[in-house]
Amino acid sequence: MTEDPSTIERSQPISEAYARLMDAPFHHLIVVEDDVPVGVIATSDILRLVYDVDGTDDRALRTYIDHQFTIDDAMSVDIRKLGLDATVRDVAAMLSDGSFHSVVVLDETGALTGIVTTTDLARYLRDSL
């Protein structure tokens, strides 16, 4: 699990999500509203929005996507969640069908604690074998 995962407020402009994901070593931002996870936005979600905007400089692209889209347009609201007591097998079961690439981890109070991605799971398997 990656502790203290990167988050973005649902009310922030989509260009902020774009900027943070394009320059980061990770591919998922947890979307929060009042500190409660309400969705996940991935690099691929952003790329789908800007796919047709080719040849535009970065500043113009950010302005364009802010006028055309919101975080809600890109995020997945059907997020997978597990508690701190979940096992690696539990995570693998959730991620194994390929529909999702991350699981949000919550503590016993429902507070965001971490995220497990398919990359985290692959690293765990690599290091355990």
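Predicted model: local features only at pLDDT ≥ 70, side-chain atom pairs only at ≥ 80, totals over all residues.
**Surface, pocket and salt bridges**

Residues are numbered from 1 along each chain as its sequence is written, and side-chain values use heavy atoms, without hydrogens and water.

**Nonpolar patch**
- Val88, Tyr124, Leu125 and Leu129 make a nonpolar surface patch of about 440 Å².
- Patch residues have over 30% relative accessible area and no salt bridge, with nonpolar side chains joined within 5 Å.
- Leu129 sits in the segment after α6.

**Largest pocket**
- The largest pocket holds about 330 Å³ of space.
- A pocket is an open set of points on a 1 Å grid where a 1.4 Å probe fits, with protein on both sides within 12 Å along at least five of seven lines; lining residues have an atom within 4 Å of a point.
- The lining has 16 residues, and Pro25, Phe26, His27, His28 and Thr117 are the closest to the centre.
- Helix α6 gives the most to this lining, with 4 residues.

**Salt bridges**
- The structure holds 5 salt bridges (a side-chain nitrogen of Lys or Arg within 4 Å of a carboxyl oxygen of Asp or Glu).
- Arg10 and Glu33 meet in one of them, at 3.3 Å, N to O.
- Arg10 lies in the loop between β2 and α1 and Glu33 in strand β3, so the pair ties together parts 23 residues apart in sequence.
- Arg10, Glu33 and Asp72 are linked in a network of salt bridges.

Terms used: Points joined across faces, edges and corners; volume = space filled by probe spheres on them. Helix = DSSP H or I, 4+ residues; strand = E, 2+ residues; numbered from the N terminus. Patch = residues over 30% accessible without salt bridge, like charges linked within 9 Å, V, L, I, M, F, W, Y side chains within 5 Å. Areas by Shrake-Rupley, 256 points an atom, 1.4 Å probe, with all protein chains shown as cover.
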